[in-house]
Amino acid sequence: RLQPTEGVQVLRQPLQAFKGHPEEVYACEVLASAGGKQLLTASAESLFVWDIESGRLLNETRHGKQQDMAAIAGGPPLPPDPTRGYVFGAREAAGSGLLAAPCSDGVLRLWEASSGAAKPLSALKLHSSVGTSVAFNAAGHLLASASGDGSLVVVDLRMWGVVMRYQGNTPLMSACFLPPCADGRECVVASGQDGNLWGFDLAQGGSLQQLTPYASPALGGCAMLCVDASRDGQRLACGGGLAQGSGG
């Protein structure tokens, strides 16, 4: 649902409702490549593109055939007969129309948004368990994919290869890029089910420096389910579950 955004009033009335999804809606993204006039949603094995003004469904696309899955340098071997996966997220790269979505089978699927439709492009087997989150850097050529198997994978789409792979001991629930540093370095932050934030510095050559995890006292060590950064990179917002009965 779209909600009004004027001022700081509490949101009470939706402006538009988008009905017709087969199951739960796990992700939504306003498409900058469509001038902010179209909404992308993810449900079951499909992506949906909607006209925001009218609420009309423009296109529904299921992800591509498994034989279209692409091998990627530094990634795990492709399974002989992978199980289709539910789409658990969706992000657009810097208003370019390139869409990426993590899926329940550990596959990251890529689409191209064009003329009110989402066209399947390829699929990358990055994880051994469910993909939970994907994020693009500001330039749109790097993507970070987090997974319930505790892995965080950064892919350079220009080289079609993995430039960083981290394997932790706790499921990672969300990931975001910070704005590039003055020297061009890129940093990624991931949130864990253990209540920690994990910071990664993608140094020159793709080397990795793991920063000290930060355990949020506000979350009390419970699952940290989402994280995002301000445009200037000075602030991080995170959220998750608290102790039983204390809300979220």
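Colleague: What is the accessible surface of the chain, and how much of it belongs to carbon and sulfur atoms?

Modeller: The accessible surface is about 12,500 Å², and 51% of that belongs to carbon and sulfur atoms. Please keep in mind that this is a predicted model.

Colleague: What makes strands E11 and E12 a pair?

Modeller: Two strands pair if there are at least two bridges between them. Strand E11 (residues 142–147) and strand E12 (residues 151–156) have five bridges, in the antiparallel sense, so they count as a pair under that cut-off. Within this pair, serine 145 stands opposite valine 153 in E12.

Colleague: And what joins strand E2 to strand E3?

Modeller: Six bridges join strand E2 (residues 38–43) to strand E3 (residues 46–51), and the two run antiparallel. Here glutamine 38 stands opposite aspartate 51 in E3.

Colleague: Which strands form the open sheet that holds E2 and E3, and in what order?

Modeller: The order is E1-E2-E3-E4, with antiparallel pairing. Strand E1 (25–31) and strand E4 (57–62) each have a single partner strand, so one side of each is left without a neighbour in the sheet. On average, neighbouring strands of this sheet are turned by 20° against each other, direction ignored.

Colleague: How much of the chain is buried?

Modeller: Buried residues make up 46% of the 248 residues, where buried means under 20% relative accessible area.

Colleague: What makes a group of residues a nonpolar core, and which members of the largest one touch the most others?

Modeller: The members must be buried nonpolar residues such as Leu, Val or Phe, joined through side-chain atoms within 4.5 Å. The largest core has 16 residues, and Leu152, Val154 and Phe177 touch the most other members. E11, E12, E13, strand E14 (172–177), strand E15 (186–192) and strand E16 (196–202) each supply at least two residues of this core. Apart from it lies another core, of 14 residues, including Ala42 and Val87.

Colleague: Which residues is phenylalanine 177 in contact with, leaving aside its neighbours within four places in sequence?

Modeller: Among them are Phe136, Leu142, Val154, Val188 and Leu202.

Methods: Residues numbered from 1 in each chain as written. Predicted model: local features only at pLDDT ≥ 70, side-chain atom pairs only at ≥ 80, totals over all residues. Heavy atoms only, no water. Helix = DSSP H or I, 4+ residues; strand = E, 2+ residues; numbered from the N terminus. Axes fitted to C-alpha atoms, helices over the stretch in contact; angles between N-to-C directions. Buried < 20%, exposed > 50% of the residue type's maximum accessible area, 1.4 Å probe, protein only. Areas by Shrake-Rupley, 256 points an atom, 1.4 Å probe, with all protein chains shown as cover. Contact = heavy atoms within 4.5 Å.
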